[in-house]
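Take a moment with the sequence and the 3D view below. We will walk through the fold one piece at a time.

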Amino acid sequence: MSDPRTVGVSVTVNGEAHRLDLDPRVSLLDLLRLHLDLTGSKKGCNQGACGACTVLLDGERVNACLVLAVSCDGQEVTTIEGIGTPEALAPIQDAFIEHDGFQCGYCTPGQILSSVALMDEAARGLPSVIDVDAPPCSAAELSDEEISERMSGNICRCGAYPGIRKAIHAVASGAASTSRVASGAAQPATA
Ligand code: FES
Ligand code: FES
C-alpha cells in the first residue's frame, strides 16, 4: 500500500518517463537531484535568486527550486543532461567553451538552459522588459543589452558574462540548433 503522505507524480525527464511517489513538499530540483540522480541542475540559493537550477518545463525555463514536483505531473522536463553529451556537445555548449562563457561550471548548466530558452523566446517574438514597446526582434538580432536583460535571472559570481553573451550571439546568429532542444526533446547534438 502506498504511503498516504505521498502523492504520485509522472514526469518525463530528458525523454525518459518516470513515476514517483513523493512528499508533496518536494521541489522539482530535489526530484531531479535526489530522486533521479540528475545532479547537473545545481542548488545555489534554493530561493529563486541565482538561476543555477534552471531547467525547461514543457519547453519553458523555470527555476526548479521554486517549482513543486507534484505540479509537474504529466509534464516534460529538460535538464543539462538532455542538452548534449560529452562526446556530442550541443552548439551552445561548444560556444560557451569557445568564448570562455564559464569558469567554475557551477552556474553553467542553468546558464545553458536559460540561453536555449532565451533564443527560443526571441524566435517566438516574446518581448523582454527592454523591447516591450518595440517590434519583436529575431534571435539573431539580439543586442548585448537585450541578452543581458534576458539572462538577468542567472548569476555568475566570477563574472563570465561577456563570454556568455558572445556564446549566445554566436549560436543565435546561426539559430538552427536551439529550437530543437527547447521543444523539450532530449536529443544529443550531432552538429
Ligand atoms: S537554486 Fe534555484 S534560483 Fe538559485
Ligand atoms: S561560471 Fe559559475 S559562477 Fe561564473
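Which residue in E5 does Leu56 stand opposite? Leu56 stands opposite Thr78 in E5. Keep that pair in view as we start.

A few ground rules come first. This is a predicted model, in which local features need pLDDT of at least 70, side-chain atom pairs count only at pLDDT 80 or more, and totals for chains, interfaces and linings use all residues. Residues are numbered from 1 along each chain as its sequence is written, chains are lettered from A and ligands numbered from 1 in the order in which they are written, and side-chain values use heavy atoms, with hydrogens and water left out.

Now the sheet. Helices (H or I, at least four residues) and strands (E, at least two) are DSSP runs, numbered from the N terminus. Two strands pair if DSSP finds at least two bridges between them. Five strands form an open sheet here, in the order E2-E1-E5-E3-E4. The pairing is mixed. Strand E2 (16–22) and strand E4 (60–63) stand at the edges. Each has a single partner strand, so one side of each is left without a neighbour in the sheet. From one strand to the next, the twist averages 40 degrees. Axes are lines fitted to C-alpha atoms, for helices over the stretch in contact, and angles run from 0 to 180 degrees between N-to-C directions.

Look next at strand E3. E3 (residues 54–57) pairs with strand E5 (residues 75–78) in the antiparallel sense, over two bridges. E3 also pairs with E4 in the antiparallel sense, over four bridges. On that side, Leu56 stands opposite Arg61 in E4. E3 and E4 form a hairpin with two residues between the strands. In that hairpin, Asp58 takes a positive phi near 50 degrees.

Where do the side chains of E3 point? Thr54 and Leu56 point one way, and Val55 and Leu57 the other way. All of them are buried. Buried means under 20% relative accessible area, exposed means over 50%, and partly exposed lies in between (1.4 Å probe, protein chains only).

Leu57 deserves a stop. Why is Leu57 called buried? Leu57 is buried because its relative accessible area is 11%. Its bridge partner in E5 is Val77. Contact means heavy atoms within 4.5 Å. Not counting residues up to four places away in sequence, Leu57 touches Val62, Val67, Cys72, Gln75, Glu76 and Val77. The C-alpha atoms of Leu57 and Thr78 are separated by 6.6 Å, although the two are 21 residues apart along the chain.

Helices come next. Helix H1 (residues 28–35) packs on the sheet. H1 touches strand E1 (7–13), E2, E3, E4 and E5, and its direction makes about 105 degrees with that of E2. H3 packs on the sheet too, touching E3, E4 and E5. The direction of H3 makes about 45 degrees with that of E3.

H3 also meets another helix. Helix H2 (residues 91–98) and H3 pack at an angle of about 120 degrees, with their axes 10 Å apart. H2 and H3 are therefore oblique to each other. Angles under 35 degrees count as roughly parallel, over 145 as roughly antiparallel, 65 to 115 as roughly perpendicular and the rest as oblique. From H2 come Ile92, Gln93 and Phe96. They meet Thr108, Gln111, Ile112, Ser115, Val116 and Met119 in H3.

Finally, the loops. Most residues other than glycine have a negative phi. Asn46 has a positive phi, near 60 degrees. Asn46 is placed in the loop between H1 and E3, and is partly exposed, with a relative accessible area of 37%. Asp100 is not a glycine either, yet has a positive phi of about 55 degrees. Asp100 lies in the loop between H2 and H3. Its relative accessible area is 55%, so Asp100 is exposed.

Our last stop is Ala140, in the loop between helix H3 (108–123) and helix H4 (144–150). Ala140 is partly exposed, with a relative accessible area of 47%. Leaving aside neighbours within four places in sequence, Ala140 is in contact with Ala172 and Ser173. Ala140 and Met119 are 21 residues apart in sequence and 8.5 Å apart in space, C-alpha to C-alpha.
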